[in-house]
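Subject: Structure handover

Hello,

Here is the structure I promised to pass on. Please open it beside this email and follow along.

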Amino acid sequence: MNSRFETQNYWFQLPDSAAIDAKKAVAYLNQKPWVDYAEYGNDFGGYSGIGLTSRSNKPEHVNDSVEVLQSVGSFEKSLAEFDWQSISVWNQNVSEYMETIFNELNLKPLRARFSKMQPRSTVPRHIDDFSENVTRVHWPIVTDDKNIFCFYAGNKLVEKVHMPVGKCFAIDSTVPHGFFNFSKVTERIHLVINFGMSFQEFREWIKVNDLFKNPVFQKS
C-alpha cells in the first residue's frame with residue numbers, strides 16, 4: 001500500500017478475515033444474467049452488473065443494479081430515515097455462495113451487486129449518490145494489474161490503486177473517483193456492497209468489529 005495515500009483517508013484494505021473465495025464467486029456468476037449499464041447513459045459503455053438488492057419484489061426491479069435510493073426503500077425518503085440494519089435486501093439473484101456471504105455479514109448492506117467492465121473500458125470521474133452516508137466496499141473477483149481504481153482532486157489524478165483478487169477494500173466515495181480497465185483481454189469483475197454509514201464511521205467500526213461473523217468461513 002501507498003502510505004501517503006492512506007494518510008489522505010480515501011481508502012483502506014480490510015484484514016484478510018474479510019477476504020472471500022473468488023473462485024466460488026465466479027462459479028456463482030456463471031449462472032446469472034448481466035444487465036448492460038449502457039442504457040443509463042453513454043458513460044457506462046462496456047459496463048454491466050448483476051443486482052443483488054432491489055427496490056421492491058417487482059420483476060422489473062430484480063436486477064436494477066444502478067437504481068437509487070441505494071436500490072431499497074423509497075425514493076421519497078432520505079437515507080437517514082431508513083432503519084437500514086433491519087432491511088432484508090437480497091433478492092432472487094442471491095443463492096448458494098452469495099447467500100452464505102450475506103448471512104455471514106455483521107452489517108446488512110444497503111445495496112449489493114456485481115459490476116463488470118469489459119477490456120479497454122472506463123468509468124469516468126464521478127462522486128456517488130448519498131456518498132456522505134455510505135461506505136462502498138469492493139472485493140475484486142476477476143482482475144489483473146491493468147485494472148486501476150483512480151482518485152482525483154478536482155481534475156487532477158492523485159492516486160492509482162490496483163486491488164488484488166479476493167481482498168476487501170473500503171472506499172471513500174465522496175472523493176471523485178473512476179475506474180480503468182486497460183487490459184486487452186481481462187474482464188474486471190468486482191463484488192460491490194454499500195453499507196449505511198459514513199467512511200469515517202465505518203473506519204472506526206471496523207477497528208473493533210469483524211465484517212464477518214465467522215472470519216474464516218470463506219476457507220471452509
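Tyr47, Gly49 and Gly51 point one way from β3. Ser48 and Ile50 point the other way. Residues on both sides are buried. In a count, 5 of the 5 residues of β3 (residues 47-51) are buried, so the strand is mostly covered under the cut-off of 20% relative accessible area.

Before going further, please note that this is a predicted model.

Which strands pair with β3? One is β2 (residues 35-36), which runs antiparallel to β3 over 2 bridges. There, Asp36 stands opposite Ser48 of β3. Another is β4, also antiparallel to β3, over 5 bridges. In that pairing, Gly51 stands opposite Arg113 of β4.

Next, helix α3.

This helix spans residues 96-104. Its buried residues include Tyr97, Met98, Ile101 and Phe102. Why do they lie on the same side of α3? They cover an arc of only 135° around the axis, and that puts them on one and the same side. What do the buried residues of α3 pack against? Their partners are helix α2 (22-29) and the strands β4 (111-117) and β11 (188-195).

Now a single residue, Ile141.

Look for Ile141 in strand β6 (residues 135-142). Is Ile141 buried or exposed? Its relative accessibility is 4%, so Ile141 counts as buried. Setting aside neighbours within four places in sequence, Ile141 is in contact with Ile20, Ala22, Ala25, Val26, Leu29, Phe114, Val165, Ile189, His190 and Leu191. Glu187 and Ile141 are 46 residues apart along the chain. Their C-alpha atoms are separated by 9.8 Å.

Finally, the whole chain.

- It has 4 helices and 11 strands.
- It has 220 residues, and 53% of them count as buried.
- Among contacts with a separation of 6 or more, 76% are between residues 24 or more positions apart.
- The accessible surface of the chain comes to about 10200 Å². Carbon and sulfur atoms account for 49% of that surface.

Then turn to α3 and its buried residues. Finish with Ile141 and its contacts.

Best wishes

Methods
Residues numbered from 1 in each chain as written. Predicted model: local features only at pLDDT ≥ 70, side-chain atom pairs only at ≥ 80, totals over all residues. Heavy atoms only, no water. Buried < 20%, exposed > 50% of the residue type's maximum accessible area, 1.4 Å probe, protein only. Arc of directions from axis to C-beta. Contact = heavy atoms within 4.5 Å. Pairing = 2+ DSSP bridges. Areas by Shrake-Rupley, 256 points an atom, 1.4 Å probe, with all protein chains shown as cover.
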